[in-house]
Amino acid sequence: MGSLFRSEEMTLAQLFLQSEAAYACVSELGELGLVQFRDLNPDVNAFQRKFVNEVRRCDEMERKLRFLEKEIRKAGIPIVDTGENPDAPPPREMIDLEATFEKLENEMKEVNTNQEALKRNFLELTELKHILRKTQSFFEEAEFHHQMQDPALAEESHALLLGDEERGGQPMRLGFVAGVINRERLPTFERMLWRACRGNVFLRQTEIETPLEDPVTGDQVHKCVFIIFFQGDQLKSRVKKICEGFRATLYPCPETPAERREMAIGVMTRIEDLQTVLNQTQDHRHRVLVSAAKNIRVWFIKARKIKAIYHTLNLFNLDVTQKCLIAECWCPVADLERIQLALRRGTEHSGSSVPSILNRMTTKQAPPTYHKTNKFTSAFQAIVDSYGVASYCEVNPAPFTIITFPFLFAVMFGDAGHGLIMALFGLWMVWREKQLMNQRKDDGTWAIFFGGRYIILLMGAFSIYTGFIYNDFFSKSLNIFGSSWSMANISDEDIEKYDMIELDPNVTSIYKPRSPYPFGLDPIWNMAENKITFLNSFKMKMSVILGVLQMSFGICLSLSNYRFFKDPVSSVSVFIPQLLFLLCIFGYMVAIIFYKWIAYDASISYKAPSLLITMINMFLFKFPESQDDYLYSGQKGFQIFLVLLAVACVPCMLFIKPYFAWRAHKSGKRTVNGAAEDTAVIMDQDEGEMPPPPPEGVSGHKEEEEFDIGELLIYQAIHTIEFCLGCISHTASYLRLWALSLAHAQLSEVLWSMVLHIGLGFQGWVGAVVTTLVFPAFAVLTIAILLVMEGLSAFLHALRLHWVEFQSKFYKGEGHQFVPFSFEALMEDHN
Amino acid sequence: MFVICGPKLSICGFIISIWGIIMMGLLGVFFLIKSPLLLEDIPATKADFEERAKVDAIFQQSAYNCWVVAGVYVFVGLFSYFQMRMNSRQQYVVT
């Protein structure tokens with residue numbers, strides 16, 4: 001476990017791998033996950049790289065596997081995850097895998113096509129069966145009509161002796177077609193028939209009760225049986241065309257009942273046979289899929305690993321002799337041993353005799369930032385990295401964030417009851433870590449909460465602590481040690497007469513001066529009307545104290561950075577003035593806060609001068625006349641001294657550093673000169689940028705000098721203004737610690753008095769019933785409003801305080817993350 | 001026995017029951033020792049505050065109320081836990 005204070009020392013290394021051993025070595029390095037490869041062929045098209053064919057084959061394999069996975073999921077077979085992590089198979093095994101996948105894919109495709117055809121057949125037979133059943137009633141009606149018509153016609157033909165031969169000669173035979181159509185299309189179908197055939201056709205329809213399965217999509221469709229009676233061939237063709245248009249399937253239906261019965265029996269037999277065949281096909285398909293499901297996870301892992309290895313091999317350069325591959329990679333210096341071991345293992349596995357060589361290179365490029373974290377620290381590192389990845393070897397704010405972040409959150413959250421619930425939630429997630437990690441991976445919100453489980457646990461624990469300090473448990477206080485205030489000597493008439501009684505702490509019977517409440521806020525304040533006024537003063541002062549402490553600490557961390565990067569000019573000209581400026585003004589303010597707390601007690605507190613007015617007057621050089629309004633003797637002289645010192649720091653910050661840079665430029669003509677150039681190179685994050693070449697002539701040198709000075713002055717001016725104004729605004733910004741804790745306390749009180757109070761306010765046993773009903777509402781609202789909403793709000797504000805107020809004092813955050821080639825990361829991405 | 005609540009409802013019910021038992025139990029104790037901080041939460045009118053004994057009786061009644069609620073939540077908790085078991089068993093059988 002490396003140190004979290006700074007990022008790991010990284011080195012650029014060159015690897016010489018023999019072509020046969022390359023695959024195995026990259027496989028070992030992938031398992032190790034400590035190496036970040038650089039692309040040595042950036043201008044080469046993806047299709048012109050060396051191993052493009054292999055990558056294509058891997059893509060094909062993955063496609064087949066995805067198809068198989070989809071089929072397995074459709075069939076509802078569970079995919080077993082044994083947690084096995086197979087190594088990447090050697091290249092010759094790839095051909096075997098490809099053959100297996102090909103065979104499986106073909107088999108599945110064949111089975112699917114067959115099944116579709118069988119289902120289509122089955123559907124036709126089922127529809128025919130329904131038709132034969134339903135049209136029985138239609139035909140009986142038609143017969144009836146036929147009978148009705150016939151005697152009428154007979155009369156007519158008798159009446160019109162001269163009449164048309166056609167009429168008399170042709171018997172009134174009704175043709176018919178029978179078929180099945182989707183239920184949704186039926187009304188339009190009817191209307192179309194009516195219009196097209198001018199009302200000369202007769203449609204009867206009934207519904208099929210059971211829905212039928214569409215062979216292609218597998219949906220359940222509702223259909224209706226219809227039968228159309230018409231006369232003549234023209235109408236017949238018209239009807240047939242309309243049926244085709246509406247995609248109604250027509251079936252040949254025999255006219256006589258006897259034939260229909262026979263056909264029905266035949267259809268039933270065929271349906272039974274077809275059902276058997278379908279079941280067997282289904283079984284076979286199921287068996288194939290089950291056997292595939294056992295191995296599919298392993299196959300996926302293998303295919304992805306092979307593809308990753310070939311992608312990486314594509315980044316390498318081929319040596320002139322075509323015998324070995326050259327790779328460039330970033331790796332941590334501390335782990336070079338392990339990398340060498342991995343390379344040796346890879347070479348052994350491939351059976352090659354030539355060992356792989358690792359060569360360290362020096363470069364001016366900025367290495368990537370690598371922090372070694374474990375499951376606990378990685379969450380805090382992640383929230384620091386969200387703002388900006390640390391520059392190479394810069395001080396990492398993460399180890400401090402582990403404590404200060406939950407602490408600032410707790411100052412804003414400040415309720416022990418809520419903190420307890422949050423801590424228990426965090427504890428449950430941490431306790432059941434392994435199970436929960438394997439279980440739910442899909443849900444985004446849950447993933448965020450689970451990823452921050454250690455943060456939540458710490459936030460809850462710290463909130464319990466601040467809850468004890470604010471003496472706040474679901475908005476009620478606990479009297480653990482016995483309150484220091486007493487109402488014992490207040491007369492009964494006073495209690496009767498007045499609504500509110502003022503307890504004067506100067507009176508010894510009311511308040512014991514030498515024994516304050518040992519830990520936290522005295523519980524009597526919970527019942528006091530002026531609780532908020534009292535707490536405001538306390539919480540505001542506390543916020544400012546915490547703010548100034550954190551900011552001074554940030555400035556001290558910047559000193560650590562200057563010393564590490566060997567920047568003595570900055571240590572003197574930037575760090576000292578900054579620290580002095582902050583301490584002279586706001587450090588002094590913190591000092592007089594503490595002084596006022598200690599020096600003034602209840603008897604003389606009425607004449608204590610206001611600290612804010614004192615600070616303002618300090619800058620206006622206005623001093624009070626009477627001796628009472630001074631906090632301490634010698635205040636006048638000391639304050640003047642502090643203001644002058646702070647003002648003197650400002651030109652130091654502005655001019656000293658550019659002056660030294662200018663002097664260094666002037667005195668020496670070396671390329672690596674002065675603090676300015678060094679810092680410029682280290683802070684430079686663009687890849688491939690080399691430091692400026694040695695100046696050719698004097699004129700060129702002078703131009704660079706002018707350019708440097710102007711830019712440097714502006715840079716310093718901006719930073720100085722930012723720092724000085726920032727001091728004031730950031731200190732005020734810390735007052736959000738007070739604001740949010742006030743909001744939380746008030747919300748908590750409102751929830752109690754408006755929700756739970758309803759239940760407790762009923763007389764007699766009714767109270768119990770109402771409370772039983774009211775309590776779940778109280779619980780749900782507490783979790784939704786106070787825990788989730790206020791929790792997120794306090795989280796956000798604590799984060800902002802860290803990112804802006806704390807980190808702006810020392811953090812550059814211009815690095816890029818170290819992304820090693822690692823199979824583990826790859827598998828996680830895919831899941 | 002069969003499943004009446006789904007898995008999520010039963011887990012919610014179980015957690016709220018545990019919370020209810022603990023919180024109502026403690027609240028009952030605090031009512032019993034007549035904590036002055038709970039003075040606003042008792043169902044007493046201004047007239048009741050004349051007699052000390054009456055206020056004490058109201059405190060005691062509130063304490064009993066809280067314990068009754070805690071008792072009810074014991075049953076709700078057992079029921080929810082039972083439902084949780086049924087749900088997980090059902091899940092186990094199906095797969």
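Author: Welcome! Let's start with a definition: a salt bridge is a side-chain nitrogen of Lys or Arg within 4 Å of a carboxyl oxygen of Asp or Glu. The structure above is a predicted model, in which local features need pLDDT of at least 70, side-chain atom pairs count only at pLDDT 80 or more, and totals for chains, interfaces and linings use all residues. Residues are numbered from 1 along each chain as its sequence is written, chains are lettered from A and ligands numbered from 1 in the order in which they are written, and side-chain values use heavy atoms, with hydrogens and water left out.

Reader: Thanks! How many salt bridges does a search of the whole structure find over all chains?

Author: The search finds 28. Helices (H or I, at least four residues) and strands (E, at least two) are DSSP runs, numbered from the N terminus.

Reader: Is Glu328(A) buried or exposed?

Author: Here are the cut-offs: buried means under 20% relative accessible area, exposed over 50%, and partly exposed in between (1.4 Å probe, protein chains only). Glu328(A) counts as buried because its relative accessible area is 14%.

Reader: Which residues are linked with Arg63(A) in a network of salt bridges?

Author: The network holds Arg63(A) together with Glu60(A), Lys64(A), Glu102(A), Glu105(A) and Lys109(A). Within it, the side chains of Arg63(A) and Glu105(A) meet at 3.3 Å, N to O. Those two come from distant parts of the chain, 42 residues apart, with Arg63(A) in helix 2 of chain A and Glu105(A) in helix 3 (residues 91-159) of chain A. Arg63(A) is partly exposed at 34%, whereas Glu105(A) is buried at 4%.

Reader: Let's move to records. Where does UniProt list a "transmembrane region" in chain A?

Author: The unreviewed UniProt entry lists residues 407-431, 451-470, 544-562, 574-597, 640-660 and 774-799 of chain A. UniProt positions follow the numbering used here, feature names are shortened, and annotations may be inferred rather than shown by experiment. You can compare the record with the model: residues 640-660 of chain A are 100% helix and 0% strand, with end C-alpha atoms 30 Å apart. Residues 774-799 of chain A are also 100% helix and 0% strand, and their end C-alpha atoms are 35 Å apart.

Reader: And which residues of chain B carry that label?

Author: For chain B, the unreviewed entry gives 12-33 and 62-82. The 12-33 span of chain B is 95% helix and 0% strand, with 32 Å between its end C-alpha atoms. The 62-82 span of chain B is 100% helix and 0% strand, with 30 Å between its ends.

Reader: What does the annotation "coiled-coil region" cover?

Author: According to the unreviewed UniProt entry, it covers residues 51-121 of chain A. In the model that stretch is 76% helix and 0% strand, and its end C-alpha atoms are 48 Å apart.

Reader: Last topic: surface patches. Which residues form the nonpolar patch on the surface?

Author: Patches are made of residues with over 30% relative accessible area and no salt bridge; like charges are joined within 9 Å, nonpolar side chains (Val, Leu, Ile, Met, Phe, Trp, Tyr) within 5 Å. Here Trp765(A), Val29(B), Leu32(B), Ile33(B), Tyr64(B), Trp67(B), Val68(B) and Val72(B) form the patch, with about 700 Å² of accessible area together. The elements giving two or more residues are helix 1 (7-32) and helix 2 (52-94) of chain B. Helix 2 of chain B gives the most, with 4 residues. Val72(B) lies in that helix 2 of chain B and is partly exposed at 32%. Areas come from the Shrake-Rupley method with a 1.4 Å probe; for residues, only the protein chains shown count as cover.
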